[in-house]
Amino acid sequence: MNAIAPNGADREKTWLKILSAYRKPHLGRSTFELAVTLVPFALLWAGAWASMHFGFWLGMILVIPAAGFLLRLFMLQHDCGHGSFFGRRRLDDWTGRAIGVLTLTPYDYWRRAHAEHHASAGNLNERGVGDITTLTVAEYERSTRWQRLGYRLYRHPLVMFGIGPAWLFIFKQRLPFGMMRSGALPWISTMATNAAIAALAALLVWIAGPVPFLVIHLPIVLIAGAAGVWLFYVQHQFEDTHWSRPPEWTFQYAAMHGASHYDLPRPLRWLTGNIGIHHIHHLSSRVPFYRLPEVLRDYPELGDLGRITIKESLNCVKLILWDEASQQLISLREAEARRVAN
């Protein structure tokens, strides 16, 4: 355990300096992590297809772990986007683009949007890019009846974790709308990814047949997509998260206090690429995912910051409004109770 721990008003900046010691990735470790994720995914997919000759449900069972490995592939793509997987920009970019064909996520388009999310997370004046739409209590109360209904539908669990992931990964990411000012690269990357996805799908349809391909691959994508959206949701949508406006808003404070530590069981931590250690990731996104546990090992006091368990995370679904007065994310029922009380 490291005995040095920052204190005082500038502790977030001090933590940022401390985390710089963990930013160097290891080429061999990164290559190993890619292999132990990609190979099992391919074997599980092939196993699901082969097993369909002996029993439909046996093949469907293999779809679930395959979705888990596809989710982990997305986490590797995520590290590539931050330049933290191999630590070599060109290698990271092309690895991320290749993985994007499997995750249905055009790398350069996603990387630009995700960079904006990191730069503005927790800033009430900079919402809307790469994040989950969140209204303040005052904004919700000023909304029309139809706007309120639309917001409640958008935040409903069936939409957020069911329809939403399907729309995002299958349809929305096929065209990089919103990136008109980012140059041609997001468009080129998206069209190239779409072409590669079409070629790979055609190859698998030719090998396995159209019905087995859809029966196997569509559930894998939908399950992995729903799990990914859930993870992203609980990383910022929890009761004691942080939102503020400039000049009170600062990147360092918002990173550490506006992102959660989703304390998952060890197998799920591995499968999700330690993305639950999200507060540390937001403060220093160049730390490779496999080095995040090192930070908690050396500085265990960071483990309690923004910590939520699986059981606690289930309550986050109802928290959909930011109360600027109490500095908490609250439910519609709580908002109404406070309105009546005042």
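## Cavities

On a 1 Å grid over the protein atoms alone, a cavity is a set of points where a 1.4 Å probe fits but cannot get out, and lining residues have an atom within 4 Å of a point. The structure is a predicted model, in which local features need pLDDT of at least 70 and side-chain atom pairs count only at pLDDT 80 or more, while totals for chains, interfaces and linings use all residues. Residues are numbered from 1 along each chain as its sequence is written, and side-chain values use heavy atoms, with hydrogens and water left out.

Two cavities of 30 Å³ or more are counted; a volume is the space filled by probe spheres set on the points, and grid points are joined across faces, edges and corners. The second largest cavity has a volume of about 50 Å³. Its lining consists of M75, H78, D79, T272, G273, I275, H281, V287, F289 and L292. Helix 3 gives the most to this lining, with three residues; helices (H or I, at least four residues) and strands (E, at least two) are DSSP runs, numbered from the N terminus. By class, the lining has five nonpolar, four polar and one charged residues, where Ala, Val, Leu, Ile, Met, Phe, Trp, Tyr, Cys and Pro count as nonpolar, Asp, Glu, Lys and Arg as charged, and the others, Gly among them, as polar.

The largest cavity holds about 130 Å³ of space. Of the 16 residues that line the largest cavity, H117, G122, D131, H236 and W243 are the closest to its centre. Helix 10 provides the largest share of that lining, three residues. The lining of the largest cavity divides into six nonpolar, eight polar and two charged residues.

## Pockets

A pocket is an open set of points with protein on both sides within 12 Å along at least five of seven lines. The largest pocket contains about 1100 Å³ of space. It is lined by 40 residues, and G130, D131, L168, Q173 and F232 are the closest to its centre. Helix 3 (56–81), helix 5 (107–120), helix 8 (157–171) and helix 10 (210–236) each supply at least two residues of the lining. That lining comprises 25 nonpolar, 13 polar and two charged residues.

The volume of the second largest pocket is about 400 Å³. Of its 20 lining residues, the closest to the centre are L104, L204, F213, H217 and V221. Elements giving two or more residues to the lining are helix 2 (27–51), helix 4 (89–103), helix 8, helix 9 (185–208) and helix 10. By class, the second largest pocket is lined by 18 nonpolar residues, one polar and one charged.

Three strands form an open sheet of mixed pairing, in the order 1-4-5; two strands pair if DSSP finds at least two bridges between them. Strand 1 (135–136) and strand 5 (328–330) are at the edges with a single partner strand each, so one side of each has no neighbour in the sheet. Strand 1 runs parallel to strand 4 (residues 321–323) and is joined to it by two bridges. T136 stands opposite W322 in strand 4.

## Backbone exceptions

Most residues other than glycine have a negative phi, and most peptide bonds are trans. P246 and P247 are joined by a cis peptide bond, with omega about 5°. P247 is in the loop between helix 10 and helix 11 (251–257).

N274, not a glycine, has a positive phi of about 55°. N274 counts as buried, at 12% relative accessibility. Q327, also not a glycine, has a positive phi of about 60° and is in the loop between strand 4 and strand 5. At 36% relative accessibility, Q327 counts as partly exposed; buried means under 20% relative accessible area, exposed over 50%, and partly exposed in between (1.4 Å probe, protein chains only).
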